[in-house]
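This report describes the fold and selected local features of one protein chain. The sequence and the coordinates are shown first.

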Amino acid sequence: LIVTGVQTCALPILNLCPRFGKIYTSINALEKLNPHSTVLIAYPDVKIKEAWQKDFDTRGYANPNITYTTHLSLHKHKDHVFDVIILDEIHLLSDNQIEVCKELFANNKYVLGLTGTLSSYTEKTLYNELGLNVIAVYPIEQAIEECLALIPNYTVFTMSNLKRNDLQMVAGLLITYLLNKSCHKAPRKDIIRDNWQSGVDPELL
């Protein structure tokens with residue numbers, strides 16, 4: 001359904017919680033296009049570029065016409081034309097970068113925004129300034145609830161000062177646990193113990 005939405009909406013945003021697989025979902029959409037489509041992928045940090053390249057290799061997606069750039073360097077491409085533009089971590093665009101995107105979008109029809117942390121204010125700004133529409137939402141809270149339903153004998157610790165970063169961490173650990181189980185890999189208990197603050201008892205993983 002998400003891929004269908006991407007194909008039918010010229011300016012969509014996927015607001016999917018951490019560890020959902022935003023890159024994999026994007027690759028699903030790219031695979032429906034001409035394998036030689038020109039693609040611009042923009043991100044705020046070079047580590048995200050590495051994640052894209054790793055997932056492309058894992059999925060066997062090979063396209064020589066992919067251009068990588070940072071949000072900061074988007075202005076270098078504002079006069080270029082691409083078949084698809086992907087803005088990863090779109091919620092981190094600055095006001096100046098949004099202005100650059102206006103020029104970039106004037107020459108490009110298909111844009112995909114990716115985020116896992118989209119506030120209502122930013123969502124409204126991206127819609128009003130760039131015409132981007134959120135077409136899919138999978139929040140952290142839903143991920144936690146659905147993951148817990150699949151894990152037996154769990155214990156939840158209630159914390160009155162639980163912050164959104166804590167929820168992101170919990171969701172990431174739970175989804176990682178399910179991926180490990182589905183792939184028959186041993187969960188990384190050392191990492192879980194080092195990062196654990198609240199949620200499922202790590203000894204049960």
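Predicted model: local features only at pLDDT ≥ 70, side-chain atom pairs only at ≥ 80, totals over all residues.

Residues are numbered from 1 along each chain as its sequence is written, and side-chain values use heavy atoms, with hydrogens and water left out.

**Overall architecture**

The chain contains 8 helices and 6 strands, both taken as DSSP runs (helices H or I, at least four residues; strands E, at least two) and numbered from the N terminus. Their order from the N terminus is α-β-α-β-α-β-β-α-β-α-β-α-α-α. Of its 205 residues, 44% are buried, where buried means under 20% relative accessible area, exposed over 50% and partly exposed in between, with a 1.4 Å probe and protein chains only. Among contacts (heavy atoms within 4.5 Å) with a separation of 6 or more, residues 24 or more positions apart account for 79%.

Strand β2 (residues 39–43) and strand β3 (residues 66–70) run parallel and are joined by 5 bridges; strands pair if DSSP finds at least two bridges between them. Within this pairing, Tyr-43 has Thr-70 of β3 as its bridge partner. Together with helix α3 (residues 46–59), the two strands make a right-handed β-α-β unit. The term right-handed means that, with the strands pointing away from the viewer, the path from the first strand over the helix to the second runs clockwise.

**Aromatic and charged side chains**

Rings of Phe, Tyr and Trp (its six-membered ring) pair if their centres lie within 6.5 Å, with planes under 30 degrees apart counted as stacked, over 60 as edge-to-face and the rest as tilted. The count by this rule is 2 aromatic pairs. One of them, Trp-52 with Phe-56, is tilted, at 5.6 Å centre to centre and 50° between the planes. Both residues belong to helix α3 and are 4 residues apart, about one turn of the helix. An α-helix has 3.6 residues a turn, so residues three or four places apart point the same way.

Arg-59 lies over the face of Tyr-24, 5.0 Å from the ring centre; the rule requires NZ of Lys or CZ of Arg within 6 Å of the ring centre and within 35 degrees of the ring normal.

**Burial and loops**

Helix α2 (residues 22–30) is largely enclosed by the rest of the structure, because 7 of its 9 residues are buried. These are Lys-22, Ile-23, Thr-25, Ser-26, Ile-27, Ala-29 and Leu-30. Individual accessibilities are listed below.

| Residue | Relative accessibility | Class |
|---|---|---|
| Trp-52 | 0% | buried |
| Phe-56 | 4% | buried |
| Glu-89 | 21% | partly exposed |
| Asn-65 | 29% | partly exposed |

Glu-89 is placed in the loop between β4 (84–88) and α4 (95–107). Its phi is near 50°, a positive value in a residue other than glycine. Most residues other than glycine have a negative phi.

Asn-65 sits in the loop between α3 and β3. Not counting residues up to four places away in sequence, Asn-65 touches His-36, Ser-37, Thr-38 and Val-39. The C-alpha atoms of Asn-65 and Phe-82 are separated by 9.4 Å, the residues being 17 apart along the chain.
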